[in-house]
Amino acid sequence: MISIEEALRLVKNTIKPLLKETVKPVEKAGGYKLYKDVFSPINMPPFRQSAMDGYALNLNDSLTYNLIGEIKAGDNLQPNLKKGQAVRIFTGAPVPETANTVVMQEKVVVNGHSISIQNQIPVNTNIRSEGEQVTKGTLALTRGTKLTPAAIGFLSSLGIKEVSVIKKPLIAIVTTGNELVEAGEELEYGQIYESNSKMLLSTLYSLNFYDVTIHKIEDDYKTTLSKLKEVITDNDLVIISGGISVGDYDFVGKALQELSITEHFYKVKQKPGKPIFFGTKDNTHIFALPGNPAAALTCFYIYVYIALQKMTNNEAFELPRIKAKSTSKFIKNGDRPQFLKAVYEDEKVSILEGQSSAMLQTFALSNAIVFLPENVSEIEINDMLEVILLPN
Ligand code: AMP
Ligand code: MG
């Protein structure tokens, strides 16, 4: 059995970024990182644009201008303005070359076919110049940039439809257990609804990992062996739930051994989640998490989360940890370091009732995990605690 620190170190050191390329439609590239630099195919904006609803002027010394027409957004017009002439113009419309400034409509008094302004307007006011954001052929976004919604919008504004991004891992979730049935089916005596695959899938989706398949196996050695062999061959990351403990019907450990998986660790001195396996076969990493739902989710956040961040070359690969004052008392059972479901609010943290690793309701109400190290056995109100903030 190894310590949490050693287990974390092994995960961090073992997993390398998966730097493979894939091409995605831009609208489905959110959360990915650019594999290559992107150069702009156009000037952006592609023409001089009005930044306001107002009037485009060919300035002279006077404060009165003759109106000679109108340009709306999308119009393809280039009226020739002489000095002292103006056109009505709207936001996003092309500013004619012969106009040298735009005055907002709030600053204008209209008298039939002429307008007057109160003060002289400097040239190039309220005009977005051609290529102001980026010019054709220059670097728009650097490789490695994470595609946020703003980045997706920016690339789309350049007319880009597809982007080359760093591939995300193909992930398999494998559940084990004869007792598990799908929601929608009637529960027979001895059965429970399968929940870990849905829970893990939703954590993956919320972290922008979409290439996930789900596999269910019964507690039978042969099927465990053949299914694990298949998913380990086909995926970059395999997350197994249950069957890793020491019961007579826990076949995952034996199957992983039979498949010659390189074991990095199996059992960590922690609560919950003592039986947890991490191994590698070729380039595929395998985590076998405890079946108890709250333990599985805790182990996901502590270990698998880091693996996912490392595989996708993210620098901030651990969940944020902060210190906060406890609003609860707690007595630790046993000497293992413990992860406790908790609520963090206003710089304080409260440890929730119902810490059993089978209880998900408590987890559903928490937004943080309190970490109690080995040498802490009792928590008093106002003790400073280490808090791991969970992603929303
Ligand atoms: P195991 O790790 O297989 O011994 O399972 C530990 C506990 O977690 C047992 O009570 C199982 O019924 C439960 N469990 C295992 N897998 C799941 C799952 N996918 N969904 C819900 N509960 C599960
Ligand atoms: Mg089981």
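Reader: Let's start with Asn382: is Asn382 buried, partly exposed or exposed?
Author: Asn382 is partly exposed, with a relative accessible area of 46%. Here buried means under 20% relative accessible area, exposed means over 50%, and partly exposed is in between, using a 1.4 Å probe and protein chains only.

Reader: Thanks! Where is Asn382 placed?
Author: Asn382 is in the loop between β26 (378-379) and β27 (384-389). Helices (H or I, at least four residues) and strands (E, at least two) are DSSP runs, numbered from the N terminus. Asn382 is not a glycine, yet its phi is positive, about 80°.

Reader: What should I know about the model itself?
Author: This is a predicted model, where local features need pLDDT of at least 70 and side-chain atom pairs count only at pLDDT 80 or more, while totals for chains, interfaces and linings use all residues. Residues are numbered from 1 along each chain as its sequence is written, chains are lettered from A and ligands numbered from 1 in the order in which they are written, and side-chain values use heavy atoms, with hydrogens and water left out.

Reader: Back to phi, then. What is the phi of Ser260?
Author: Ser260 has a phi near 55°, a positive value in a residue other than glycine. Ser260 sits in the loop between α5 (252-258) and β18, and Ser260 is exposed, at 52% relative accessible area.

Reader: Which residues does a cis peptide bond join?
Author: Lys271 and Pro272 are joined by one, with omega about -5°. Pro272 belongs to the loop between β18 (262-266) and β19 (277-281). The peptide bond from Met44 to Pro45 is also cis, with omega near -5°, and Pro45 is in the loop between β2 (38-39) and β3 (49-50).

Reader: New topic: in which sense do β21 and β27 pair?
Author: Strand β21 (residues 321-326) pairs with β27 in the antiparallel sense, over five bridges. Two strands count as paired if DSSP finds at least two bridges between them. Ala324 has Leu385 in β27 as its bridge partner.

Reader: And how many bridges are there between β21 and β24?
Author: Two, with β21 and strand β24 (residues 348-351) pairing in the parallel sense. Ser326 is bridged to Val349 of β24.

Reader: Now the ligand! How many residues surround ligand 1?
Author: There are 16 around ligand 1, and the closest are Glu179, Glu194, Ser195, Gly243 and Gly291. A residue is counted as near if one of its heavy atoms lies within 4 Å. β13 (171-176) and β15 (192-193) each supply at least two residues of this shell.

Reader: Last one: is Ala288 buried or exposed?
Author: Ala288 counts as buried, at 0% relative accessibility. Ala288 lies in strand β20 (residues 284-289). From C-alpha to C-alpha, Ala288 and Asp346 are 36 Å apart in space, and they are 58 residues apart in sequence.
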